[in-house]
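This report walks through one protein model. Please have the sequence and the 3D view open as you read.

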Amino acid sequence: MRTSRRVQVPRTKDGDTKMSTATIDREDARPLHVQIRSILQQQIQDRTLAPGQQLPTEEELQHQFGVSRSVVRQALSSLAASGLIQRQRGRGSVVTAAPVLRRHVQRAGGLGEEAAARGQQLRTRVLSLKAAPAPMAAQAALNTSRTWKIERIRYLEDTPMVFMRTWVPRDLFPHFTAELLENASLLGLMRESGYPPAGGPRQVQAVAADEALAEALGVTVGDPLLLLEGVTQDATGQGLEWFCVWHRANTVFDVDAQAAAPGAVSPEEVRRLRGLVHELDAALTMLGGNAPE
């Protein structure tokens, strides 16, 4: 028989205190501090715990969840490392305002430039760069099996927002190194190398975070992410990169939709655009209350 403990966490809004319930499961395979972190993170994401609101004290959380203080501290430390709360001496833990990243789904690259235009600054951390064969779809798009595999995390206000896995042709960019890519624009480096990116097909879908993605982005396993996949080409059609980019739920994809004169757009293009709108709508529906307003 599975046993659980139902807890109550206060919610303050407009001066009123409300109570919401959550449950930890003593027979769950996950450690208790992971369960508590997941509960508090969900309450932060759905605004049960609003930005600027103070969390219950360690002692209160210890009593509510029926765990030791060390377990509570592990959960709070994990939330702080993800940028979801701030721990301040003498004030306890306070919910931070989660930054929102906006990008145009139809724009090739330029994520850093888009953030800068809104007064935000993205920081890039290169996890790895190594010679590795790309998936078959990427080899076809790049017309080569000799590729660099690059993995990066991009941060906004110290919050990990995007995990990027990219393959690029080694013969076109033999000088690429992890040091060169650190806090640099990949597409900017391509331009400097004589291969200016022009664009290419993309698709967006909602996916669940696996263990590796959850750790990289500071979310919980199973949390919804937006996955952007595609290829970037130059003006001649040469494939420059094949990529998979996972975004946290507090990312907004902007789409510029314009009405065209009858006959100005081919039926194939209309079907393609309708499919893109459908995919975005389905993705946002899956995100539900976790989508930023």
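N143 is found in the loop between α5 and β7. Its phi is positive, about 60 degrees, although N143 is not a glycine. At 69% relative accessibility, N143 counts as exposed. Exposed means over 50% relative accessible area, buried means under 20%, and partly exposed lies in between (1.4 Å probe, protein chains only). N183 sits in the loop between α6 and α7 (186–192).

This is a predicted model: local features need pLDDT of at least 70, side-chain atom pairs count only at pLDDT 80 or more, and totals for chains, interfaces and linings use all residues. Residues are numbered from 1 along each chain as its sequence is written, and side-chain values use heavy atoms, with hydrogens and water left out.

**Overall picture**

The protein has nine helices and 13 strands. Both are DSSP runs numbered from the N terminus: helices are H or I with at least four residues, strands are E with at least two. Of the 293 residues in the protein, 45% are buried. The protein exposes about 15,400 Å², and carbon and sulfur atoms supply 49% of that area. Accessible areas come from the Shrake-Rupley method with a 1.4 Å probe; for residues, only the protein chains shown count as cover. Among contacts (heavy atoms within 4.5 Å) with a separation of 6 or more, 59% join residues 24 or more positions apart.

**Strand β11 and its partners**

Strand β11 spans residues 224–234 and is mostly covered. Of its 11 residues, 10 are buried. Which strands pair with β11? They are β9, β10 and β12. Two strands pair if DSSP finds at least two bridges between them. The table lists the pairings.

| Partner of β11 | Residues | Sense | Bridges |
|---|---|---|---|
| β9 | 197–199 | antiparallel | two bridges |
| β10 | 202–208 | antiparallel | seven bridges |
| β12 | 239–247 | antiparallel | eight bridges |

P197 stands opposite D234 in β11. V207 has L225 of β11 as its bridge partner. T232 has E241 of β12 as its bridge partner. β11 and β12 form a hairpin with four residues between the strands. In that hairpin, G237 takes a positive phi near 95 degrees.

**Helix α2**

Helix α2 covers residues 58–65. Which residues of α2 are buried? They are E58, L61, Q64 and F65. These four cover an arc of only 130 degrees around the axis, so they lie on the same side of α2. The arc is that of the directions from the helix axis to the C-beta atoms. The face turned away from the buried side carries the exposed residues E59 and H63. G66 follows α2 and has a positive phi, near 70 degrees.

**Salt bridges**

How many salt bridges does a search of the whole structure find? It finds six. A salt bridge here is a side-chain nitrogen of Lys or Arg within 4 Å of a carboxyl oxygen of Asp or Glu.

D171 and R146 meet through their side chains at 3.0 Å, N to O. D171 lies in the loop between β8 (159–169) and α6 (178–181), and R146 in the loop between α5 (136–142) and β7 (147–156), so the pair ties together parts that are 25 residues apart in sequence. R146 is partly exposed, at 38% relative accessibility.

R165 and E151 form another salt bridge, at 2.7 Å, N to O. R165 is in strand β8 and E151 in strand β7, so this pair ties together parts that are 14 residues apart in sequence. R165 is partly exposed at 24% relative accessibility, whereas E151 is buried at 14%.

D28 pairs with R30 in a salt bridge, with the closest N and O atoms 3.2 Å apart. D28 is partly exposed, with a relative accessible area of 23%. R30 is partly exposed too, with a relative accessible area of 36%.
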